[in-house]
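Have a look at the structure first, then work through the topics below.

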Amino acid sequence: MPDRPEIVCICGSTRFVDEMSAANRDLTFAGVIVVAPGVFLRAEDHDADELITNEQKTALDALHLRKIDLADRVLVVNPGGYIGESTSREIAYAHATGKPISFTDPF
């Protein structure tokens, strides 16, 4: 029996905030520790009340890689099979570090 619950890092485009929240909820109810993006504002959202700078995005991207380091496995939330640039980089990082990766949708 493991000495702690499994840790899963959720990855995916921030455009899928509702889907990531649902995955987070489902995993949490299943007794999993979830690490996930904490900010869902995108630099492309010019009509958003608050934008993130390029420097903030770079820092958040680096922080998310550290979250992958903490995880036992990665769950990619990819409705319709969508995988963006940042998520592709996260998948490559998880693969390079030997983390098991699963996807919510085929791509």
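Contact here means heavy atoms within 4.5 Å. Keep in mind that this is a predicted model. The lead feature is an open sheet of four strands, in the order E2-E1-E3-E4, with parallel pairing.

**The sheet**

- The edges belong to strand E2 (33-35) and strand E4 (101-103), each of which pairs on one side only.
- Neighbouring strands in this sheet are turned by 30° against each other on average, if you ignore direction.
- In general, strands of a sheet pair through backbone hydrogen bonds, either parallel or antiparallel.
- Strand E1 (residues 7-12) and strand E3 (residues 73-77) run parallel and are joined by five bridges; across this pairing, Ile10 stands opposite Leu75 in E3.
- E1 also runs parallel to E2, with three bridges joining the two, and here Cys9 stands opposite Val35 in E2.

**Helices on the sheet**

- Helix H1 (residues 17-29) packs on the sheet and touches E1, E2 and E3, its direction making about 170° with that of E1.
- Helix H2 (residues 54-70) packs on the sheet too, touching E1, E2 and E3, and its direction makes about 145° with that of E1.

**Inside strand E1**

- How many of the six residues of E1 are buried? Six of the six are, so the strand is largely enclosed by the rest of the structure.
- As a rule, side chains in a regular strand alternate between the two faces of the sheet.
- Ile7, Cys9 and Cys11 point one way from E1, while Val8, Ile10 and Gly12 point the other way.

**The cysteines**

- A disulfide is a covalent bond between the sulfur atoms of two cysteines. The count of disulfides here comes to zero.
- Cys9 is buried, with a relative accessible area of 0%, and Cys11 counts as buried at 1% relative accessibility.

- Searching the whole structure turns up one aromatic pair.
- The partners are Phe16 and Tyr82, whose ring centres are 6.0 Å apart with planes at 70°, so the pair is edge-to-face.
- Phe16 sits in the loop between E1 and H1, and Tyr82 in the loop between E3 and helix H3 (85-96), so the pair ties together parts that are 66 residues apart in sequence.
- Buried or partly exposed? Phe16 is buried, with a relative accessible area of 11%, whereas Tyr82 counts as partly exposed at 33% relative accessibility.

- Ile101 is partly exposed, with a relative accessible area of 27%.
- Which residues does Ile101 contact, leaving aside its neighbours within four places in sequence? They are Val74, Val76, Ile91, Ala94 and His95.
- Take Val74 as an example: Ile101 and Val74 are 27 residues apart in sequence, yet 4.8 Å apart in space, C-alpha to C-alpha.

How values were computed: Residues numbered from 1 in each chain as written. Predicted model: local features only at pLDDT ≥ 70, side-chain atom pairs only at ≥ 80, totals over all residues. Heavy atoms only, no water. Pairing = 2+ DSSP bridges. Axes fitted to C-alpha atoms, helices over the stretch in contact; angles between N-to-C directions. Phe/Tyr/Trp six-rings, centres within 6.5 Å; stacked < 30°, edge-to-face > 60°. Buried < 20%, exposed > 50% of the residue type's maximum accessible area, 1.4 Å probe, protein only. Disulfide = S-S within 2.5 Å.
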